[in-house]
Amino acid sequence: MTKREHVCGHTDVPLSEVLAALKASGAEDFETAHPIPAAVNHSMAFHAHERERVFLDDWICIGRADEMAAPGDYLTHQVAGVPVLIVRQNDNSLESFVNACAHRFACVVSERKGNARRFVCPYHAWTYDLSGALIRAPYMEMKEGFDVSDHRLRRIHTEVWEGFVYVSLATHPKDLHEVLEPFRANVVGRYDMSCYRTVMRETMVWDANWKNLIENFTESYHVPMAHKKTFAKHKKPLEEYICGEDSLHYGYHRASQQAETGKGAAHPKNSRLDGEWRRMMVDFCIFPCHLVTVMPDFLWYISVQPDGVGRFTATWGVAIPPEVLEDVVPEEYDRWLNDLRDYMNVANDEDKLLVEALFKGTSSTLLPKGTLHPIERNLWQFTRYLAGKCCPMDHI
Ligand code: FES
Ligand SMILES: [Fe+2]
């Protein structure tokens, strides 16, 4: 991004200075840790650096596998400014491509979702099958030696983990399943999130750095104070939150509610969860930008993409376990869904104020040193991840 919507004392801080501050912050012990250095969320140089080190390198969630259930179902998304196309194949696997034609690179698919048997570039009608192979190129027989098999949509890496679809633009991305296996095996695997059915996919654009949303979502300290119209009504005592182990790939905290039945608890037909897990909520972040709240009867996810230093797009959705969804009477479904969307929008509006306030407040170069509450450990874990990705080789 070259346009400057927002300029502050951190905007032109050189990369070396930001990296030094981030590295020092990532090396602190949690007990004495401070909030992430403000320049990390405001420096133009760091913004370009993290695009390369984080968004062009790591796994980015683009949605849920059940949003593309049938062969030919597709989603489009932006990852680090790169348009991507994710398609359900005839053999039921998922493949992803850079959404740019193999001729002169026009964006091939402009719809955000749909179903297709083939993809036709709007420019000169080069046509691709679901696997990205070029199957037709009008008039190209006029070019001697032209062979459609020499051209295709560029593939990118795709993985499905626990019902979520991730893509990576890296040449050799890390093994996503391997690094998340401890978290799956010990914490969230028991929910079987892949069986939850996605009921909505929405987008919102907020005026803050993308990391401000990560900071906000990964701590529940603000919930009793900031979510009075929504989540605070089901609040769990802050003293009972447990922050998960330190990982450079994910962070989470969890708490169970008192009530064994009703909202937030497992449906009687849910045989996947036992004991306290039948009323447990887990908030987690798969670093860098995939945020999830999972409960026995509900799942909310957000995937964040920067649109410059001071703006981001958040794609979010809700998924519901099948046994809970079965209880929604078909004639009531539309109203039920609208009520759920309204509720989530109120919660999002509650957070928007805070997230934009974080960006605005940290615009100052005159800040006190700050501190972190014990249940803000996930913020420190994220800082360590970011330092590891962005700082030179001898990082933490
Ligand atoms: S750019 Fe797509 S067919 Fe020419
Ligand atoms: Fe919140």
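## Strands β9 and β10

Strand β10 (residues 164-168) pairs with β9 in the antiparallel sense, over five bridges; strands pair here if DSSP finds at least two bridges between them. Strands (E, at least two residues) and helices (H or I, at least four) are DSSP runs, numbered from the N terminus. Across this pair, Trp-161 stands opposite Phe-164 in β10. The hairpin of β9 and β10 has two residues between the strands, and Glu-162 takes a positive phi near 50 degrees there.

A word on conventions: this is a predicted model, in which local features need pLDDT of at least 70, side-chain atom pairs count only at pLDDT 80 or more, and totals for chains, interfaces and linings use all residues. Residues are numbered from 1 along each chain as its sequence is written, while chains are lettered from A and ligands numbered from 1 in the order in which they are written.

## The link to β4

Strand β9 (residues 155-161) is also joined to strand β4 (residues 94-98), by two bridges, and these two run antiparallel. Ser-96 has Ile-156 in β9 as its bridge partner.

The chain is assigned domain 1 (15-56 + 194-390) and domain 2 (60-161), with bounds that come from an automatic or database domain assignment. Taken over C-alpha atoms, the centres of domain 1 and domain 2 are 31 Å apart.

Where they meet, 15 residues of domain 1 are in contact with eleven residues of domain 2 (C-beta atoms, placed from the backbone, within 7 Å). On the side of domain 1 that touches domain 2, at least two residues each come from α2 (44-55), β11 (197-206), β16 (298-306) and β17 (312-320).

Note on methods
Two residues are in contact if their C-beta atoms, placed from the backbone, lie within 7 Å.
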